[in-house]
Amino acid sequence: CSFLDTDRALVLLEEYCKKLKKPEEQQLKKAIRKVMGIFKSSLFQALLGSFTKKATRYGAISHPSWPAAVAYDVLGCPKD
């Protein structure tokens, strides 16, 4: 899990937002933009760094980026 994974999630979410053009999709677009804002926040980045250090120390990280995984789940994309 890294800051690059967060960047990857942000790119995926931005690409998805560009596809949301219908009036009924605007609420979803707004919600996704909020998530993107959270991912970009310094607080989230600090928490992510702290979580990653602790999880790595205890061997708890067994999957790739959870920010990217969240983006894939939101977008309904298959994970690599």
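User: Hi! What should I know about the model before I start?
Analyst: Welcome! The model is predicted, so local features need pLDDT of at least 70 and side-chain atom pairs count only at pLDDT 80 or more, while totals for chains, interfaces and linings use all residues. Residues are numbered from 1 along each chain as its sequence is written, and side-chain values use heavy atoms, with hydrogens and water left out.

User: Okay, how many helices and strands does the protein chain have?
Analyst: The protein chain has 4 helices and 0 strands. Here helices (H or I, at least four residues) and strands (E, at least two) are DSSP runs, numbered from the N terminus. In order from the N terminus, the elements read α-α-α-α.

User: And how much of the protein chain is buried?
Analyst: Of its 80 residues, 29% count as buried. Buried means under 20% relative accessible area, exposed means over 50%, and partly exposed is in between (1.4 Å probe, protein chains only).

User: Let's look at H2. What span should helix H2 have?
Analyst: Helix H2 covers residues 26-40, and at 1.5 Å a residue its 15 residues should span 21 Å. The expected span is 1.5 Å times one less than the number of residues. The end C-alpha atoms of H2 are 21 Å apart, which agrees.

User: Which residues of H2 are buried?
Analyst: They are Ile32, Met36 and Phe39. These residues cover an arc of only 55° around the axis, so they sit on the same side of H2. That arc is the one made by the directions from the helix axis to the C-beta atoms.

User: Which ones are exposed on the other side of H2?
Analyst: There you find Gln27, Lys30 and Lys34, which are exposed.

User: Which residues make up the largest nonpolar core?
Analyst: It has 10 residues in all: Ala9, Leu10, Leu13, Cys17, Leu20, Ile32, Met36, Phe39, Phe44 and Leu48. Helix H1 (3-19), H2 and helix H3 (42-57) each give two or more residues to this core. H1 gives the most, with 4 residues. A nonpolar core is a set of buried Ala, Val, Leu, Ile, Met, Phe, Trp, Tyr and Cys residues joined through side-chain atoms within 4.5 Å.

User: What is Cys17 in contact with?
Analyst: Leaving aside neighbours within four places in sequence, Cys17 is in contact with Lys29, Ile32, Arg33 and Met36. Contact means heavy atoms within 4.5 Å.

User: New topic! How many aromatic pairs are in the whole structure?
Analyst: The search finds 1 aromatic pair. Phe39 and Phe44 form it, and they are stacked, with 4.9 Å centre to centre and 25° between the planes. Rings of Phe, Tyr and Trp (its six-membered ring) pair if their centres lie within 6.5 Å; planes under 30 degrees apart count as stacked, over 60 as edge-to-face and the rest as tilted.

User: Are Phe39 and Phe44 buried or exposed?
Analyst: Phe39 is buried, and Phe44 is buried too.

User: What about salt bridges, how many are there?
Analyst: A search of the whole structure turns up 1 salt bridge. Glu14 forms it with Arg33, and their closest N and O atoms are 2.9 Å apart. The pair links distant parts of the chain, since Glu14 is in helix H1 and Arg33 is in helix H2, 19 residues apart. A salt bridge is a side-chain nitrogen of Lys or Arg within 4 Å of a carboxyl oxygen of Asp or Glu.

User: How accessible is Glu14?
Analyst: Glu14 has a relative accessible area of 25%, so it is partly exposed. Arg33 counts as partly exposed as well, at 37% relative accessibility.
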